[in-house]
Amino acid sequence: MENERKTLDDRAKMTELERIRHSAAHVMATAILRLWPEAQFAAGPPVENGFYYDVDLPHRISPEDFEKIEAEMKKEIKANNVFERIVVTREQAIADAQSGRLGGLAERPGNVSKFKIGNLEAIPAGEEITYYRNGDFLDLCAGPHVMRTGNIGAFKLTNVAAAYYKGDEKGPQLQRIYGTAFKNKTAMDEYFKMLEEAKRRDHRKIGAEMGLFAIDTEFVGPGMPLWLPKGTVLVEELEKLAKETEFAAGYVRVRTPHLAKEKMYLTSGHLPILYKDSMFPPMTLLEEQSRERNEQLTRRKFAIMDALLKFKSEGATANPEQVRALEQEAFDIALQQDVLGERYYLKAMNCPHHHRIFAAEPRSYRDLPLRLAEYGTCYRYEQSGELFGLMRVRSLNMNDAHIYCTEDQFAAEFNAVNDMYLKYFKIFGIEKYVMRFSTHDPSRLTGENAKFVNEPALWKKTEDLVRQVLIDSKIPFVEVPNEAAFYGPKIDVQVWSVIGREFTLATNQVDFAVPAKFGLTYRDKDNSNKTPLCIHRAPLGTHERFIGFLIEHYAGNFPLWLAPDQVRVITLNDDEALINYAKPIVAELRANMVRVDADFSATPFKAKIADAEKTRVHTMLVIGGRDMEAGAVSVRLHHGGQQGAKPKAEVVADILAGIKERRA
Ligand SMILES: [Zn+2]
Ligand SMILES: [Zn+2]
């Protein structure tokens with residue numbers, strides 16, 4: 001279910017681009033009405049990368065209609081009509097909806113603005129009701145808009161899809177027409193160029209070409225990628241990087257099972273409600289000591305069912321009291337069997353397991369900060385329609401760690417985590433990033449709508465601390481209220497790939513609630529027991545999403561240290577002397593853990609190079625007669641062309657250094 005109704009606060013924060021796009025939605029509705037005056041409109045918000053408007057119309061709008069809708073839109077933009085804001089009473093609004101005027105160019109007797117009535121009802125009592133008008137088009141809308149239709153610099157309709165009114169599948173089906181708009185044509189052209197490039201770099205396409213991963217829906221299941229050998233290289237190189245970086249930063253590594261008892265998640269608060277929909281359903285395990293009792297109960301249950309059936313066939317002669325007693329007994333048996341079996345869940349997050357590791361030994365202030373790291377495998381239930389390549393999956397490997405610290409240590413620890421992010425961004429050439437700092441909403445600490453643990457003082461304190469660290473470290477950030485985790489403020493890291501596509505990769509969260517729920521304590525200097533704070537952090541996110549990002553970021557042309565195929569040694573032909581000269585080079589690289597292979601075949605040289613380029617081999621070492629005589633090799637880089645001949649030893653040393661330094 002989508003939340004289409006933005007609060008007034010959200011609306012006030014609409015960016016200029018969002019205003020342009022939302023205004024374009026009104027202009028599109030104006031155009032559609034000129035072509036089909038009977039059209040009824042529902043919601044028309046700006047969305048990521050554009051806007052849409054939901055319309056109910058007997059004519060099925062198809063992309064063939066876009067041209068004539070766009071032509072009408074151009075007229076409305078050329079007219080440069082003012083977006084006029086009009087305040088009305090609720091009675092007036094209802095009357096205008098009844099007459100078909102709302103979301104129309106004129107009154108439409110007998111054609112009630114039915115969706116606008118629904119939208120009106122969603123406006124809380126006491127909130128101002130406003131219209132926006134451009135030319136003849138009058139719409140119920142809280143705004144904001146640009147000043148005039150002429151402020152829409154460039155636009156394009158992109159897509160049409162089915163949608164339901166207010167996202168309710170039982171409601172009427174509507175046509176959702178998507179478009180995008182920009183301040184000017186240059187900005188729009190850039191956007192479409194970026195989309196083209198993103199399509200070319202699609203991680204699913206390149207993943208298949210390079211043999212990185214497979215999704216076996218039939219035997220393994222949707223959303224559970226299998227890492228093929230070349231994809232596993234990427235996974236292991238990232239883990240190596242994380243292990244080295246975390247080791248240097250004073251982390252220790254742990255390993256935990258993929259399952260835990262229900263009690264774990266009841267304690268953490270993920271169950272019974274908060275996280276239930278994101279977890280796989282439980283499996284019930286009967287330990288051997290419970291099995292005999294369980295069988296007795298099952299036999300008795302069948303006997304009861306038989307007896308009840310017999311009573312039923314005897315009809316009127318059955319003793320109702322006996323029937324009731326048997327039914328009660330069957331119910332009791334079900335309850336008993338429920339208790340006999342232990343429910344286990346696949347873990348959807350690693351934190352509770354790490355909390356139990358903290359609890360496994362007595363802790364003192366001297367042990368803090370304790371930084372527990374694990375590339376943990378988690379399972380999350382995502383709806384099948386939401387699954388998308390490596391970006392949305394059901395099994396994931398997370399670059400996870402939990403830092404247990406005192407309040408005094410918090411700022412330094414949080415800072416160190418941010419530094420780690422920056423270090424990674426540098427390695428991967430991520431130049432544009434922003435941190436989304438999600439805070440709580442004080443009105444949702446208690447009551448029916450409660451979303452956050454009710455610790456107002458701790459919320460204030462940790463949010464202030466996090467904000468200060470962000471300001472001090474000069475990392476660009478935006479603050480987003482009401483989106484924190486239930487146990488504390490959260491930071492999502494958004495990064496942009498080289499072609500300017502945005503990804504949310506990693507999170508960083510403060511937790512001041514769950515350690516207490518698990519009864520975690522450390523003995524402080526004064527011998528009192530205190531509860532530690534916990535920082536959850538995952539700078540490299542999950543392998544799935546991060547590698548999906550990297551594939552698109554690099555277009556599959558990974559830097560040497562990461563490339564699944566690092567080096568190929570290629571002889572000019574299959575001359576034995578050349579092969580004998582090349583073999584020790586292959587052996588030396590292999591002995592140094594370089595992923596190297598050889599092509600000594602008689603295949604024409606050009607074809608050998610073409611094959612290496614197609615495979616995206618990072619470095620090709622080409623050997624001909626002249627190279628051999630000079631004790632050299634000719635270096636050729638994927639997409640980089642000839643680098644010329646260099647002494648053999650120098651080339652090998654350079655490759656080893658490039659890998660070790662993780663050169664870009
Ligand atoms: Zn509007
Ligand atoms: Zn965690």
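Biologist: How many Å separate the centres of domain 3 and domain 4?
Modeller: This is a predicted model. Domain 3 spans 287-340 and domain 4 spans 567-660. Taken over C-alpha atoms, their centres are separated by 76 Å.

Biologist: Which domain is written as two segments?
Modeller: The chain is divided into four parts: domain 1 covers 8-193, domain 3 covers 287-340 and domain 4 covers 567-660. The remaining one is given as 226-273 + 346-552. That is domain 2.

Biologist: Which strands stand at the edges of the open sheet of three strands?
Modeller: The strand order is β12-β14-β13, with antiparallel pairing. An edge strand here has a single partner strand, so one side of it is left without a neighbour in the sheet. That applies to β12 (259-261) and β13 (283-285).

Biologist: What is the average twist in that sheet from one strand to the next?
Modeller: The sheet is open and antiparallel. Going from one strand to the next, the twist averages 40°.

Biologist: Is strand β23 largely enclosed or exposed?
Modeller: A residue counts as buried if 20 or more other C-beta atoms lie within 10 Å of its own. β23 covers residues 533-537, and five of the five are buried. The rest of the structure therefore leaves this strand largely enclosed.

Biologist: Which residues of β23 point the other way from L533, I535 and R537?
Modeller: In a regular strand the side chains alternate between the two faces of the sheet. In β23, L533, I535 and R537 point one way. Pointing the other way, and also buried, are C534 and H536.

Biologist: What is the bridge partner of H402 in β23?
Modeller: Strand β16 (residues 395-405) pairs with β23 over five bridges, in the antiparallel sense. Within β23, H402 has as its partner H536.

Biologist: And what is the bridge partner of V510 in β23?
Modeller: Strand β20 (residues 502-511) also pairs with β23 in the antiparallel sense, over four bridges. For V510, the partner in β23 is I535.

Biologist: Are α13 and α14 roughly parallel or oblique to each other?
Modeller: Helix α13 (residues 407-427) and helix α14 (residues 456-473) have axes 10 Å apart. They pack at about 50°. Angles under 35 degrees count as roughly parallel, and 65 to 115 as roughly perpendicular. The two helices are therefore oblique.

Biologist: Is that crossing of α13 and α14 left-handed or right-handed?
Modeller: At the contact, F410, A411, F414, N415 and N418 in α13 meet L465, V466, V469 and S473 in α14. The crossing of these helices is right-handed.

Note on methods:
Residues numbered from 1 in each chain as written. Chains lettered and ligands numbered in written order. Predicted model: local features only at pLDDT ≥ 70, side-chain atom pairs only at ≥ 80, totals over all residues. Domains from an automatic or database assignment. Pairing = 2+ DSSP bridges. Axes fitted to C-alpha atoms, helices over the stretch in contact; angles between N-to-C directions. Buried ≥ 20, exposed ≤ 12 C-beta atoms within 10 Å, placed from the backbone. Parallel < 35°, antiparallel > 145°, perpendicular 65-115°, else oblique. Left-handed = near helix turned anticlockwise from the far one by under 90°. Contact = placed C-beta atoms within 7 Å.
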